[in-house]
Amino acid sequence: MAETTSSTNNTTLFSPYKMGNFNLSHRVVLAPMTRCRALNSVANEALVEYYRQRTTAGGFLITEGTMISPTSAGFPHVPGIFTKEQIEGWKKVVDAVHKQGGIIFCQLWHVGRASHQVYQPGGGAPISSTKKSISNKWKILMPNATYSPYPEPRPLATHEVLNVVEDYRLAAINAIEAGFDGIEIHGAHGYLLDQFMKDGINDRTDEYGGSLANRCKFLIQVVQAVAAAIGADRVGVRISPAIDHLDATDSDPRSLGLAVIERLNKLQFESGSRLSYLHVTQPRYTAYGQTESGPHGSEEEVAELMRTWRRAYVGTFICSGGYTRELGVEAMARGDADLVAYGRLFISNPDLVLRLKLNAPLTRYVRATFYTHDPVVGYTDYPSLEEGNMSRERLSRL
C-alpha cells in the first residue's frame, strides 16, 4: 500500500509531500474550475497556455470538469474526454505540464440535472436521480451567454445507472491514454453523483435511494470501476457533503461524509491499494463567490466538521473552498489537510505558488470573464510577478 506523509505543526504550504507515487514539492494545488474555453469541447492551445502558466515543478494540478459522455455537459465549451479528438487535444495540455515537471489529474464530470435540453443529444431531458428540477434560485448559462431556468430532469432507470458507471470507466481509460497522471471523480457541488448522495434531492425507492448505503452506491460503483481500470493510486474523489450548491442539501451532512469515507476506506483495505486522495470542499464555496459559512453552522463548526472527515479518512486529504493564504497556512499548521486547493485566486495569479510563498500582493480577478470564450482575455493575460516588474534578481534568489 502506498504511503502518505501526515501533516505536522511544522508543515507549511511549501513543505514537500508524497502523495502515493507522486512526489510533490509543495502543498498548493490548482483546483478544478470551469472556464468555457474549449471550443467545440476540445482542449486547444488556449488551454495549453493556461495550464502551462499555472504549473510548477513538483506542483499538482486538477483540470476543470471534463465531460465523460455526450449527456454530461451543463456549460458551453467545456472539454470532454470521450472522443479521439478530445484525447488528442488533452495530450498537448498534459505534455506542457509534464515538460515543466508538474503532475496533472483530469476531473471526470457529469452534471446530471444541472443541464438543459440545448446541451443534450437530440434535445432530451437531462438525467438525474430524480425528476425534481433545480429551483429558480439558480440559473444555467446558455450558449448565447444568457441565463435560463433549469428544466425538469429525467430520473435514470435502475438498469441505466451501470451504463453511466461504464462511461466513467471509459473516460478514465481515455484520460490515461491522453497522458494524465490520474483522474478525479467529481462527486460534489450538486452534480450527478451528488444528486444521488443527497437526501434533499434523491427521492428514489430502488437500490439507489433511501438509506445512506443506497445513496452512496452509485459513487462507490464508479470508484470501483475506475480503480479497476487504471489503478486506485491514480484515482482521487471529490465530495461536498455540507454544500447546498444547486439545491444539493442533505439532512445530515456529517453522517453522509462519514458514510462515503467508511466505504472508501473499506475499498482501500480490501484491495490493498490506496486511492490517491479524498478532496472535500468547504461550505465557503458558493456559486457567486461570497465567503460564508453555509447552512450548517458557524465557520468554526464547519471547520470541525472538516476535521471529523479528515480524521476518519485513511489517506491524503485535500481541502478547498474559499481558502486565502492565511487560511491555508492555518490548515497546514493544524494538520487539517495534507494539501490545499486554490481556485479563484489561481485564475488571476498564474504564479500563485510564488506569490503565496513571498506573501506578495495578489492580482484581483475579474468575475465577468470567468465563463467567456475569449482565449486570452481573463484567461491567459493575467501577469506574473516578473511581468509585473518584480526584479529578476529578487526572483532568482528564491
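Guide: Contact means heavy atoms within 4.5 Å. This is a predicted model: local features need pLDDT of at least 70, side-chain atom pairs need 80 or more, and totals for chains, interfaces and linings use all residues. Numbering starts from 1 along each chain as its sequence is written, and side-chain values use heavy atoms, without hydrogens and water.

Visitor: What covers the buried residues of H8?
Guide: The cover includes strand E14 (339–342). Helices (H or I, at least four residues) and strands (E, at least two) are DSSP runs, numbered from the N terminus.

Visitor: Which residues of helix H8 are called buried?
Guide: Buried means under 20% relative accessible area, exposed over 50%, partly exposed in between (1.4 Å probe, protein chains only). In H8 (residues 325–334), Gly-328, Ala-331 and Met-332 are buried.

Visitor: Why are they said to line one face of the helix?
Guide: The arc is taken from the directions from the helix axis to the C-beta atoms. Down the axis of H8, the buried residues fall within 95 degrees, so they line one face.

Visitor: What makes strands E12 and E13 a pair?
Guide: Pairing needs at least two DSSP bridges between two strands. E12 (residues 277–281) and E13 (residues 317–320) have four, and they run parallel.

Visitor: In what order do the eight strands close into a barrel?
Guide: The order is E3-E4-E5-E10-E11-E12-E13-E14, with parallel pairing.
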